[in-house]
Amino acid sequence: MSDRLLVLVRHGQSEWNLKNLFTGWKDPGLTEQGIAEAKEAGRKLKAQGLSFDIAFTSVLKRAQHTLDLALAEVGQTGLKTLKDLALNERDYGDLSGLNKDDARKKWGEEQVLIWRRSYDVSPPGGESLKDTLARALPYYVQEILPCVLRGERTLVAAHGNSLRALIMVLEKLSPEQILKRELATGAPIIYRLNADSTVASKLDLAA
């Protein structure tokens, strides 16, 4: 029986996470803590005895760097990796680069909360979570899932909101449920799938 393995990991802390800025499609690097988180993710995967046949990531360097650091710990530098903007973080539009406290002062606490935590309300010039799912889900179904079902052990390093899209499908969550899901940076979630693409088992390595 093939091991239908899918591992999701959110990138380590970025420089803008640290500064409490809306990041979205902006492209800051990892902090020292983020680098350590990415390496720790790799060590956790190695401790589980895991290796991979293919990896997917976004076109943003914080996710790519996280993937590279994790794979180095697993001993798999140079693994075949596909990069696609379908896995990019949600685009925060006019909020991108703003401090979250400054955004609250400009638009009000309640409005910023709606933009951050509603399913289908997008900030000016940006994407809602629903919009993010609309690009991430087809990519998952068409590109990532077939690899997993063929028995290719698959690692995805991406972002909080694009990974929520995948988790929403995998765990059959409602829009309300997925909004409440917090994803720790640099903490792998290990899924093994059944032949019909449903989840056979899940192990969350957030510690």
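Reader: Which residues of helix H7 are buried?

Author: In this predicted model, the buried residues of H7 are Gly 160, Asn 161, Ser 162, Leu 163, Arg 164, Ala 165, Leu 166, Ile 167, Met 168 and Leu 170. Each has under 20% relative accessible area, as the term buried requires.

Reader: What does H7 supply to the lining of the largest pocket?

Author: H7 gives three residues, the largest share of that lining. Helix H1 (15-18) and helix H5 (109-117) each supply at least two. The volume of this pocket is about 390 Å³. Its lining has 22 residues, and those closest to the centre are Arg 10, Glu 89, Tyr 92, Lys 100 and Arg 116. By class, the lining comprises nine charged, eight polar and five nonpolar residues.

Reader: Why is Val 59 called partly exposed?

Author: Its relative accessibility is 40%. Buried means under 20% and exposed means over 50%, so Val 59 falls in between and counts as partly exposed. Val 59 is located in the loop between strand E2 (54-57) and helix H3 (61-74).

Reader: Which residues form a nonpolar patch on the surface with Val 59?

Author: Trp 25 and Leu 85 form the patch with Val 59, and together the three have about 250 Å² of accessible area.

Conventions: Residues are numbered from 1 along each chain as its sequence is written. This is a predicted model: local features need pLDDT of at least 70, side-chain atom pairs count only at pLDDT 80 or more; totals for chains, interfaces and linings use all residues. Side-chain values use heavy atoms; hydrogens and water are left out. Patches are made of residues with over 30% relative accessible area and no salt bridge: like charges are joined within 9 Å, nonpolar side chains (Val, Leu, Ile, Met, Phe, Trp, Tyr) within 5 Å. Accessible areas come from the Shrake-Rupley method with a 1.4 Å probe; for residues, only the protein chains shown count as cover. A salt bridge is a side-chain nitrogen of Lys or Arg within 4 Å of a carboxyl oxygen of Asp or Glu. Helices (H or I, at least four residues) and strands (E, at least two) are DSSP runs, numbered from the N terminus. Buried means under 20% relative accessible area, exposed over 50%, partly exposed in between (1.4 Å probe, protein chains only). On a 1 Å grid over the protein atoms alone, a cavity is a set of points where a 1.4 Å probe fits but cannot get out, and a pocket is an open set with protein on both sides within 12 Å along at least five of seven lines; lining residues have an atom within 4 Å of a point. Grid points are joined across faces, edges and corners, and a volume is the space filled by probe spheres set on the points. Ala, Val, Leu, Ile, Met, Phe, Trp, Tyr, Cys and Pro count as nonpolar, Asp, Glu, Lys and Arg as charged, and the others, Gly among them, as polar.
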